[in-house]
Structures are given as C-alpha cells and as structure tokens.
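Visitor: Could you show me how to read a few features of a protein model, step by step?

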Amino acid sequence: MYETIRTEQNEGILTIFLNRPEKMNAYTHVMAQELIDAYKKADEDDDIRVIIVTGEGKAFCAGMDLGDGGKTFSASESMEDFRDSGGQVSLVVHDLKKPIIAAINGAAVGIGLTMTLAMDIRIVKKDAKIGFVFAKRGIGPEACSGWFLPRLVGIGKALEWMYTARYIPTSEALASGLVQYEVEDVLEKAYELAQQIASETAATSNTFVRQLLWSMLSENSPEASHLAESKFLFWAGNNADAMEGVQSFLEKRPAHFPLNSSDVPEFFNKGEKVI
C-alpha cells in the first residue's frame with residue numbers, strides 16, 4: 001500500500017496516479033521511493049506492457065513540497081554522499097524495459113516537470129501551467145534534466161527556459177518538442193496510445209527499441225546502432241515473435257505475440273559500448 005501514489009492495472013496498462021491532490025500532488029521523498037518501487041515492480045511484471053503516469057485531481061505535480069520552509073532543500077549528508085532523489089527516480093525510469101507515458105493533466109512545475117523528461121511520450125493539458133522555475137527558488141535543476149532536456153529541445157531552448165524560469169505556454173512546449181501532444185483530455189490520449197502499443201505490437205520489439213534509441217543519444221557514430229540492431233535482428237529472426245508477426249501479416253489477421261519483455265537478452269552494457 002502506497003501513501004503518495006496509487007496504481008490501476010487494466011489490459012496490460014499500469015496507470016500510476018500521483019496521489020496528494022490536497023497538496024497539488026507536491027513531490028516528497030516518500031513519493032520518490034514509492035515511484036521507484038512501483039516502476040521496478042512494473043518492469044518485472046510481464047502482464048504490464050505500458051506505464052502511464054498522471055496526477056490525481058487538477059494538478060500533475062506542483063513541484064517539491066515546501067512544507068519545511070527555507071530548509072526544504074537542505075540535507076544532513078555530506079556533499080559526497082548526497083544524491084538528488086529526483087535523479088534516482090529518473091535513472092530507474094531510464095532503465096525501464098517498458099514504454100512510459102506522462103499524462104500531464106495540470107500544473108507541472110520544477111520536479112513536477114523534470115520527472116517526466118526520462119519518459120518516452122509527454123502529453124500535456126492545453127494551457128496547463130508548466131515550467132522549470134529553479135532559478136526563482138535559488139536552486140538548480142534535478143532529475144537528470146541536464147542530460148535529458150537539451151536532448152529533447154536543444155541546448156538553446158533548454159538554457160532559455162532554465163535562465164528565465166518562466167512558465168512555458170503549452171503551445172510553445174509542443175512546438176519545441178518538449179511534449180508530443182497538447183490536448184484537453186490527456187488520459188484519453190494516453191490510453192489511446194497505450195492500448196495501441198499493448199494490443200498491436202510485440203513487447204520484445206519495444207523493449208529493444210526503448211533501449212536502442214535512448215542509448216544511441218550518447219553515441220558519436222552510427223556504428224554502435226548498427227551493431228546493436230544487427231544483434232537484435234539475428235536474435236529476433238530466430239524467435240517466435242518475428243515468426244508470428246510475419247505469419248499474421250500473410251494471413252491478414254491480428255498478431256498474437258507469445259514472448260515478453262523479460263525474454264529479450266541483454267544487448268547493451270549500461271554505460272559501456274554495445275557488446
């Protein structure tokens with residue numbers, strides 16, 4: 001049982017609700033630990049094909065809970081031992097084998113927005129209040145946003161948003177590539193995409209695609225991508241999902257892929273070159 005989040009699972013889709021609506025789902029260290037636990041369990045559960053994260057109530061996440069006042073961001077550990085909890089959550093999201101969608105149903109500020117950067121698809125409610133407001137609080141960005149944000153929107157736009165700490169119109173977020181969709185009903189759009197992924201595609205294919213595309217952002221040449229793609233194609237070509245995918249196409253029927261994400265071997269060494 002979680003204190004700050006709740007989950008629903010249906011037809012291969014796990015929906016995680018940030019569940020502090022009376023606090024606009026403000027982020028706490030308890031929420032960080034519960035998100036990490038929920039993500040890890042979802043990644044090991046073959047019945048879950050797609051993860052959706054959204055907020056309970058009107059907000060997605062209004063940022064860090066400032067209930068401790070000026071000491072909110074102080075820590076008792078040494079600088080060497082201190083680790084940003086938002087970054088720890090983002091690293092778990094980055095390592096997931098499953099597609100993950102952020103359904104930003106309302107205000108998403110500070111950690112409320114950076115926690116979505118490691119996710120694959122961001123859908124924002126039209127005219128929601130979003131922004132990277134760290135400089136207005138005298139702190140800096142977290143949740144590994146220094147790595148993710150420039151890769152999503154480019155260094156110029158990332159710096160402008162961080163320097164000014166201004167609220168970002170959702171139309172600008174869409175035009176800049178921060179979000180893929182700007183809609184009124186974010187959960188409806190998220191479920192549309194999740195159901196398409198869960199019912200029409202192979203888990204093995206998407207597990208490999210997620211690792212491939214995120215991993216290649218750190219590579220300097222296409223060779224690493226070529227080597228990884230070759231290894232996966234060799235493996236997939238001798239396994240049941242590819243056989244079912246081709247046969248169903250020839251027989252003009254829906255595919256029923258028998259394998260799970262857990263069946264995919266390791267094709268990448270974390271932080272190292274492709275094997």
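Guide: Let's begin with cover: a residue is buried under 20% relative accessible area, exposed over 50%, and partly exposed in between (1.4 Å probe, protein chains only). Keep in mind that this is a predicted model, where local features need pLDDT of at least 70, side-chain atom pairs count only at pLDDT 80 or more, and totals for chains, interfaces and linings use all residues. Residues are numbered from 1 along each chain as its sequence is written, and side-chain values use heavy atoms, leaving out hydrogens and water.

Visitor: Is Asp 127 buried or exposed?

Guide: Asp 127 has 63% relative accessibility, so it counts as exposed. Look for it in the loop between strand S6 (121–125) and strand S7 (130–131). Helices (H or I, at least four residues) and strands (E, at least two) are DSSP runs, numbered from the N terminus.

Visitor: What about the backbone angle phi?

Guide: Most residues other than glycine have a negative phi. Asp 127 is not a glycine, yet its phi is positive, about 70°. Ala 143 also has a positive phi, near 60°. Ala 143 sits in the loop between S7 and helix H4 (145–153), and it is buried, with a relative accessible area of 0%.

Visitor: How many of the 14 residues of H8 are buried?

Guide: In H8, 10 of the 14 are buried, so this helix is largely enclosed by the rest of the structure. Among the buried ones are Phe 208, Leu 212 and Trp 214. Their cover includes helix H2 (85–94), strand S4 (100–104) and H10, judged by contact, which means heavy atoms within 4.5 Å. H8 covers residues 203–216 and reaches 20 Å from its first C-alpha to its last, close to the 20 Å expected at 1.5 Å a residue; the expected span is 1.5 Å times one less than the number of residues.
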